[in-house]
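Work through the exercises below with the coordinates loaded. Each task is followed by a solution in steps.

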Amino acid sequence: MDKVIRIGTRESQLALWQAHQVNDLLTAQGYKTELVPIKSEGDIDLVTPLYEIGVQGIFTKSLDIALLSGRIDIAVHSYKDVPTQLPSGIVNAAILQRGPVKDLLVYKTNTDFLQQPGYIANIATSSVRRKAQWLRKFPQHQLHNLRGNVNTRLQKLAAENWDGAIFAAAGLERINVRPETSVELDWMLPAPAQGAVVAVCREDDQFCLDACKPFNHAPTALATQIEREFLRTLMGGCTTPISAYAYIQDNTVFFEGQICNLDGTKFLSTSRQANIENAAGIGKEAAEEILAKGGAEIVAEIRNVK
């Protein structure tokens, strides 16, 4: 195998960790590889809130362009950042086994303020989904925009007079920077495909498709397919307050999905379970139920705000 597979990745420590996972899986099969770091649009503007930027695929677009132009052969993404409609000519090559799914609160001193109804806490996050769910539970709190890679956000939290900030557990744990001052938010539903990593390639690149096929993790692929069907049917993206989580236990798929408006005052949720053989369409069915119950109005409200 003389061909060198060029693996495109964003430049952050977390993105490089993900790319190295794909790199290791390929080299274990005897393939020659090379990492090609590429800066994404989402890594350049670290001030504007994501929902104000309003660009689908802000973290994936630069790598997709490099892939289609032949500069790289594979692009590795956090799957939650990938638009539900891939660019023409690009397909999923493999979805890696999922890591931690939940969100965490990293707090400054303690979490006593969570039990103090009159206390106005200052909480930071770049995610409108986390913001909406937090305000639904703690409507009196103040939310602050927090952009940048994981290390930058931890540094900003330490420097600001905030009570805490919300992170994805996978992001902190994969690069071993989860602080002791952190708690899992069991009540917060994650973004569709959160904790999953995907490798994509050109649809006509049979060499890379064959190379990646052995490490595609079928249970993760099914769960994330259901979650992304839910997101796609609601016409959302990674900058909309739509949450979904599916997991498989004893050949049964369990699914939960929800949508909030931006301040958390409007909320709709649904759940499903199905035998694994019949589960492929439950994400779409769940989203259609949400739309029938009034979800279309929430979607329209979110779009009008943007």
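The exercises cover aromatic contacts, cysteines, a cavity, backbone angles and distances.

The model is predicted, so local features are taken at pLDDT of at least 70 and side-chain atom pairs at pLDDT 80 or more, while totals for chains, interfaces and linings use all residues. Residues are numbered from 1 along each chain as its sequence is written, and side-chain values use heavy atoms, with hydrogens and water left out.

**Exercise 1. Aromatic pairs**

Count the aromatic pairs, then classify the pair of Y31 and F207 and state which parts of the chain the pair ties together.

Solution. 
- Step 1: apply the criterion. Rings of Phe, Tyr and Trp (for Trp, the six-membered ring) pair if their centres lie within 6.5 Å; planes under 30 degrees apart are stacked, over 60 edge-to-face, and the rest tilted.
- Step 2: count. The structure holds eight aromatic pairs.
- Step 3: classify. Y31 and F207 have ring centres 5.6 Å apart and planes at 90°, which makes the pair edge-to-face.
- Step 4: Y31 is in the loop between α1 (13-27) and β2 (32-37) and F207 in helix α8 (residues 206-212), so the pair ties together parts that are 176 residues apart in sequence. Here helices (H or I, at least four residues) and strands (E, at least two) are DSSP runs, numbered from the N terminus.
- Step 5: check accessibility. Buried means under 20% relative accessible area, exposed over 50%, and partly exposed in between, with a 1.4 Å probe and protein chains only. Y31 is buried at 13%, whereas F207 is partly exposed at 29%.

**Exercise 2. Charges over rings**

Find the ring under the charged end of K137 and the ring under that of R136.

Solution. 
- Step 1: NZ of Lys or CZ of Arg must be within 6 Å of the ring centre and within 35 degrees of the ring normal.
- Step 2: apply it to K137. Its charged end sits over the ring of W187, 5.1 Å from the centre. W187 also belongs to one aromatic cluster with W134 and F138.
- Step 3: apply it to R136. The charged end of R136 sits over the ring of F267, 3.8 Å from the centre.
- Step 4: locate K137. The residue is in helix α5 (residues 128-137) and is partly exposed, with a relative accessible area of 43%.

**Exercise 3. Cysteines**

How many disulfides are there, and how far is the sulfur of C201 from that of C212?

Solution. 
- Step 1: a disulfide is a pair of cysteine sulfur atoms within 2.5 Å.
- Step 2: the count is zero disulfides.
- Step 3: C212 is in none, and the nearest cysteine sulfur, that of C201, is 6.1 Å away.
- Step 4: C212 is buried at 0% relative accessible area, and C260 is buried at 1%.

**Exercise 4. The second largest cavity**

Give the volume of the second largest cavity and divide its lining by residue class.

Solution. 
- Step 1: On a 1 Å grid over the protein atoms alone, a cavity is a set of points where a 1.4 Å probe fits but cannot get out; lining residues have an atom within 4 Å of a point. Grid points are joined across faces, edges and corners, and a volume is the space filled by probe spheres set on the points.
- Step 2: list the lining, which is T60, D64, H77, V82, P83, L86, P87 and V200.
- Step 3: sort it. Ala, Val, Leu, Ile, Met, Phe, Trp, Tyr, Cys and Pro count as nonpolar, Asp, Glu, Lys and Arg as charged, and the others, Gly among them, as polar. The lining divides into five nonpolar, two polar and one charged.

**Exercise 5. Positive phi**

Are A193 and D250 buried or exposed?

Solution. 
- Step 1: recall the background. Most residues other than glycine have a negative phi.
- Step 2: A193 has a positive phi near 70°. A193 lies in the loop between β9 (182-184) and β10 (197-202) and is buried at 0%.
- Step 3: D250 has a positive phi near 50°. D250 lies in the loop between β11 (242-249) and β12 (252-260) and is exposed at 68%.

**Exercise 6. Sequence and space**

Compute the C-alpha separation of V183 and V106 and that of N161 and N216.

Solution. 
- Step 1: V183, in strand β9, is 77 residues from V106 in sequence and 6.7 Å from it in space.
- Step 2: N161 and N216 are 55 residues apart in sequence and 43 Å apart in space.

Methods. 1 Å grid on protein atoms, 1.4 Å probe; cavity = no way out; pocket = protein on both sides within 12 Å on 5 of 7 lines; lining within 4 Å.
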